[in-house]
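Take a short tour of this model. Keep the sequence beside the structure as you read.

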Amino acid sequence: MKNLKEQFRRYLRLQKGLSPNTLEAYLHDVSLLFSWVEGEMEVTPSRPSQGKGEVIDSAASLIEESIDDKVKQLKLADLEAFSASLFDLGIAPSSHARILCGVRALYRFLEIDGYIDQDPSELLESPIQAKHLPEVLSTTEVDMLESAIDLSKWEGHRNRAIIEVLFSCGLRVSELVNLKLSQVYEEERYIRVMGKGSKERLIPISDKAIHELHLWYDYRNKMTIKKGEEDFVFLNRRGAHLTRTMILIMIKQYAKDAGIKKTISPHTLRHSFATALLEGGCSLRAIQAMLGHESIGTTEIYTHIDMTTLRDEIEHHHPRNSR
């Protein structure tokens, strides 16, 4: 028998179809609950006398099994105590809520697979989170970002193509670093990406983004590419595909060079893509499809951004507001 966490991993991977990053985040969150159970609740397994080597292995196994049993026996009050411990540790509300999301997924799995009769996490409340609007860049600021790139270096054309594809297609950074040449359909003017939960979607790509890709391909075609990496669009100097951290560092540096004071990340360009579409009259449903949001509620945040922009415009231009 695999231990409870391994069974949960298998459930997330095979039945829920979560991406590797989301899967590992859930397992990390659930590990916090297991650690809390181990520290808060005394675990004293009984065992028969055995040989010296067998005793050590058996004791570890019994402790693990006992912790698994304790987790299965937790009630709502226990989970609320665990949640309170997260608050006492000073964990941010957003991280706190994400951890409890992983805990709920664990107990849904336990109920579905018949380990428990009733899910104790159904009434577990998440902390109240202060709503904040994501930072966005205007088209002018995106142009400033691209203008800060030194095109005398080979990686400059790659980085300019990266920024243009992020802004033109609204990709997640994980989708960008895993984008393949075989997923870019230039004649049809769209790309095919694999999003969260291994869900595939098609996204139109602009002529400008295709132009920047062609400039990058001129350099890419001269590179020595690592075996197995031949189909990735964006490569580092060693011929391997990029990492999310590399993209983050690169964009932050260009923002600094361009004199942009906003705190931005690759995800800022995704927000900027959605906001530009909404301001241009695009429907929420279309934006939801292009971003790959499972719920329209996630997409609705951009209506708040648009209303904020509208309010700023009225305050700036309306005669009653002029000073």
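A residue counts as buried when its relative accessible area is under 20%. Keep that cut-off in mind. The model is a predicted one.

Start with Arg158. Arg158 sits in helix H7, which covers residues 154-169. Its relative accessibility is 10%, so Arg158 counts as buried. What does Arg158 touch, leaving aside residues up to four places away in sequence? Its contacts are Trp216, Phe234, Leu235, Asn236 and Leu242. Glu212 is 54 residues from Arg158 in sequence. In space, the two C-alpha atoms are 8.1 Å apart.

Move to a helix pair. Helix H1 spans residues 4-15, and helix H5 spans residues 93-112. They pack at an angle of about 90°, and their axes are 11 Å apart. H1 and H5 are therefore roughly perpendicular to each other. H1 brings Leu4, Gln7, Phe8 and Tyr11 to the contact. H5 brings Gly102, Ala105, Leu106, Phe109, Leu110 and Ile112. Of the residues in this contact, eight are nonpolar and two are polar, with no charged ones.

Finish at helix H11, residues 266-279. After H11 comes Gly281, which has a positive phi, near 100°.

Key. Residues are numbered from 1 along each chain as its sequence is written. This is a predicted model: local features need pLDDT of at least 70, side-chain atom pairs count only at pLDDT 80 or more; totals for chains, interfaces and linings use all residues. Side-chain values use heavy atoms; hydrogens and water are left out. Helices (H or I, at least four residues) and strands (E, at least two) are DSSP runs, numbered from the N terminus. The expected span of a helix is 1.5 Å times one less than its number of residues. Buried means under 20% relative accessible area, exposed over 50%, partly exposed in between (1.4 Å probe, protein chains only). Contact means heavy atoms within 4.5 Å. Axes are lines fitted to C-alpha atoms, for helices over the stretch in contact, and angles run from 0 to 180 degrees between N-to-C directions. Angles under 35 degrees count as roughly parallel, over 145 as roughly antiparallel, 65 to 115 as roughly perpendicular and the rest as oblique. Ala, Val, Leu, Ile, Met, Phe, Trp, Tyr, Cys and Pro count as nonpolar, Asp, Glu, Lys and Arg as charged, and the others, Gly among them, as polar.
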